[in-house]
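Thanks for coming. Please have the view open.

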Amino acid sequence: MPVLLKLRRIAPYAIILALSGYLYDLALHFDYQKVPGRIGPDAWPRIILVLLMAICAYQVLRLALQRKTGEVEGVLQSLEEEAAPSLVHPETEHPWLAWAGIALTFGYLLAFERVGFFSASFVYLFLLMLVGGYRRVLTALGIALAASLAFMFVFMKIVYVSLPLGRGPFLDVSIGVMKVLGIH
Amino acid sequence: MGTLHYLWIGLSHIFTPQDLIVLVAGLLVGMAVSVMPGLGLVMGVVLALPFTYRMPIEPSIILLTAIYVSGTYAGCFTAILYRIPGEPMDVPLLWDGYSMAQKGQPAKALGWALVAALTGGLFSSAVMVALAVPMSRVALSFGPPDYFAAVFFGLTTVVALAGTSLVNAFISLFVGLLVATVGVDPIYGAYRFTFDSPILENGVPYVMVLVGMYGLGEVFNRLSQGLKLHGEPRSDTRVKTDFPSWRELWLIRKTLARSSVLGTLLGIVPGAGATVTSFVSYGIEKQYGERRQLLGTGLPEGIVAPQVGSTASVAGHMIPLLTLGIPGSGATAVILAAFLLHGVQPGPMLFTDPGSKAVVYTILASLFVGVIGMCVMGFFWIRVIVKVLRIPQGVLSAIVVLFCIVGAYANRNSVSDVWVIVVFGVLGYAFDKLRFPISPMVLGAILGPLAENSYMQTMISYHNDWTVFFREGLSGTLMVLSLLAMGYPLARHYLEKRRRARPPAPRAAARTDPA
């Protein structure tokens with residue numbers, strides 16, 4: 001196995017191992033009133049972290065030593081893979097689309113309170129539809145508008161959730177929309 | 001007599017306008033989400049959760065269980081008609097269901113699926129009603145070691161069942177258990193892994209973990225796959241349901257009985273959701289069925305077995321939830337969240353108070369009515385339901401993400417909750433890419449507090465003697481079962497390895513030798 005590929009396979013387990021070590025150290029320093037003869041609030045997290053570190057260390061060593069022992073599969077996975085491998089592992093992968101969706105979602109959350117629910121959701125839905133491969137721009141704009149209005153109506157008028165209205169000009173837009181929808 | 005009396009009261013509650021409306025709405029939503037690949041019944045239940053915040057408890061749980069039960073049925077429409085399984089549990093329906101449709105009998109195949117869902121659903125609901133009170137009595141005698149052992153059993157079965165690798169499944173479980181420890185510890189009041197952030201002081205609500213991992217994570221994952229359907233809905237397909245005759249039904253009575261019992265029993269096991277029961281029921285039919293050699297060519301048994309199994313698992317799953325307060329699947333975890341949001345802790349105490357007993361029996365009665373209702377709707381509205389497939393995937397995904405975000409925000413009007421679900425959404429996507437199964441992590445986050453509390457109580461009561469888990473009768477049995485559940489995939493792996501390593505028999509080798 002090429003070294004780079006090996007490192008790529010080991011990396012997730014090594015990262016989890018390192019993080020677990022750090023968290024274990026944190027657990028050793030939890031601040032609490034000790035009761036003699038009783039286990040403390042650090043006991044349970046430490047048990048989990050020791051098990052997590054042990055299993056990650058095992059996997060790192062196994063991959064590093066390139067033992068051809070194979071993976072022990074869960075029962076369901078092997079059933080599904082035997083049944084329909086193409087459904088379990090799709091042929092095409094476009095990770096950049098997922099990352100674009102994640103970036104858009106982070107942007108939406110950053111704008112959520114400043115821009116207000118209606119305006120932020122309208123732009124977010126439109127862009128997410130484009131990322132999702134929907135290419136009818138005018139229809140996408142119409143759906144984004146209708147969905148933002150519908151969400152605002154359902155959650156503010158029926159479920160009584162006070163969604164963010166935004167600041168400055170966005171506040172005026174949100175209040176205008178609320179008037180149109182009959183939300184007081 | 002008491003049980004039937006309460007069931008009758010439950011039935012009378014179901015037919016009040018409010019409960020009936022949410023039941024019908026739940027059935028429709030469940031059918032719609034199970035038809036769409038990439039949505040599924042767990043996401044349907046997750047998306048419906050925010051609507052229950054302002055509802056009384058009874059209609060809230062009815063709505064969610066209706067989505068759950070009908071979510072196990074409607075996926076058969078698209079699997080049989082278009083070879084598009086809505087969920088992994090519908091995959092076994094492709095072999096005989098789609099084959100029967102290809103032979104010019106799509107309506108008959110749909111009829112078999114309907115009868116199977118009806119039989120499995122009604123049988124397991126009846127078993128659930130019969131078992132609920134005895135199980136709750138047993139649960140009342142549970143001490144902390146028994147509770148810990150029950151949760152431990154649930155977690156180990158989830159690990160044994162899920163994932164491409166047992167190691168990854170364990171890592172996923174431990175991460176989930178660790179997430180559950182974040183926040184202020186309930187016994188000592190110690191701050192654990194809060195990093196001085198006020199958001200983390202109250203811990204990570206497991207509903208947010210669920211919404212993030214199952215909702216957003218799934219959408220991000222499908223975005224990376226280009227949001228394509230594995231198949232094409234055709235407009236020329238005859239969308240109609242034809243019932244099998246009584247004589248035909250009598251011929252497959254053994255399949256119906258076998259799969260109903262198997263589905264219900266497997267449903268009780270935590271982690272063995274509708275997908276496992278569907279595959280196992282089909283597998284058992286393939287091993288023990290009278291016409292096992294012909295399975296896969298369009299036989300009714302191949303449709304009936306998986307469909308009965310998946311629908312029967314729903315009521316099976318409700319048994320540990322209602323009697324022990326232990327959810328065994330993603331959908332029942334959301335139902336537990338709905339209970340807790342209304343200040344009700346499911347468990348044996350639900351069966352002692354007459355007020356809560358009426359609520360429980362209304363929920364049980366709603367399963368009977370729900371199963372019948374979904375079959376009626378499936379019969380009359382199948383044409384409308386399969387049209388959901390025509391909604392562009394890009395549009396649907398965008399709406400689902402917004403539902404998740406607004407749903408998370410609506411819980412406490414807090415943007416920090418939305419950040420939590422997005423973080424877990426990204427984690428869910430990363431888990432999927434690295435082939436770490438999601439269900440152990442989610443169940444770890446849900447059952448973690450229960451496991452820790454019962455562990456701590458046991459350690460305090462028994463002076464830190466952990467052997468008590470193995471010494472007590474019930475907890476000892478459950479711990480041994482857990483070890484067996486963990487050992488099964490290992491044993492299976494090593495037996496398979498030995499079988500592969502074994503040199504071929506001389507006669508077989510000679511036969512394959514070209515010389």
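Arg435(B) sits in the loop between α19 (415–433) and α20 (439–461) of chain B; helices here are DSSP runs of H or I with at least four residues, numbered from the N terminus. This is a predicted model, where local features need pLDDT of at least 70, side-chain atom pairs count only at pLDDT 80 or more, and totals for chains, interfaces and linings use all residues. Residues are numbered from 1 along each chain as its sequence is written, and chains are lettered from A and ligands numbered from 1 in the order in which they are written.

Arg435(B) is not a glycine, yet its phi is positive, about 60°. Most residues other than glycine have a negative phi. Arg435(B) has 14 other C-beta atoms within 10 Å, so it is partly exposed (buried means 20 or more, exposed 12 or fewer, partly exposed in between, with C-beta atoms placed from the backbone).

Next, Asn464(B), in the loop between α20 and α21 (468–471) of chain B. Its phi is also positive, near 60°, and Asn464(B) is not a glycine either. Asn464(B) has 13 C-beta neighbours inside 10 Å and therefore counts as partly exposed.

Now the helix pair. How do α2(B) and α4(B) cross? The axes of α2 (residues 17–35) and α4 (residues 57–71), both of chain B, come within 7 Å and cross at roughly 30°. That makes α2(B) roughly parallel to α4(B), a term for angles under 35 degrees. By class, their contact has 15 nonpolar, 6 polar and 2 charged residues, with Gly counted among the polar ones.

Notes: Axes are lines fitted to C-alpha atoms, for helices over the stretch in contact, and angles run from 0 to 180 degrees between N-to-C directions. Helices (H or I, at least four residues) and strands (E, at least two) are DSSP runs, numbered from the N terminus. Angles under 35 degrees count as roughly parallel, over 145 as roughly antiparallel, 65 to 115 as roughly perpendicular and the rest as oblique.
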